[in-house]
Amino acid sequence: DYGITASGEYAEEGRTIACPPELDFGTVIEIESVGERICHDRGGAIKGKRIDLYMEDLHRAKEFGKRELKVKIHKD
């Protein structure tokens, strides 16, 4: 089941993010200098105002690192 998110979707670079439980699965979030991503996953460290971008390449993910970026949450 590797690559399957908490919502049951497959993790996909350029699409998937892990969000805190306050945000429903399927919520679209626009991230500064990154673009739009969809909340499909959760994580133990994903609380409060944190999200986690899914990246397939570990080296690129480490290069990207932790950042403070502006986000816009799109509500239905």
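Trainee: What makes one face of strand β2 covered and the other uncovered?

Mentor: In β2, residues 28–31, Ile29 and Ile31 form the covered face, whereas Val28 and Glu30 form the uncovered one. Burial here means under 20% relative accessible area, exposed means over 50%, and partly exposed lies in between, with a 1.4 Å probe and protein chains only. This is a predicted model, in which local features need pLDDT of at least 70, side-chain atom pairs count only at pLDDT 80 or more, and totals for chains, interfaces and linings use all residues. Residues are numbered from 1 along each chain as its sequence is written, and side-chain values use heavy atoms, leaving out hydrogens and water.

Trainee: How do you know that β2 pairs with β3 and with β5?

Mentor: Two strands pair if DSSP finds at least two bridges between them. Four bridges join β2 to β3, residues 35–41, in an antiparallel arrangement, and Ile31 stands opposite Gly35 there. With β5, residues 71–74, β2 also pairs in the antiparallel sense over four bridges, and Val28 faces His74.

Trainee: Why does the radius of gyration agree with a compact globule?

Mentor: The radius is taken over C-alpha atoms, and the globule rule is 2.2 Å times the number of residues to the power 0.38. For 76 residues a compact globule would have a value near 11 Å, and the chain has 12 Å, which therefore agrees.

Trainee: Which pattern does the chain follow along the sequence?

Mentor: The pattern is β-β-β-β-α-β, where helices (H or I, at least four residues) and strands (E, at least two) are DSSP runs numbered from the N terminus.
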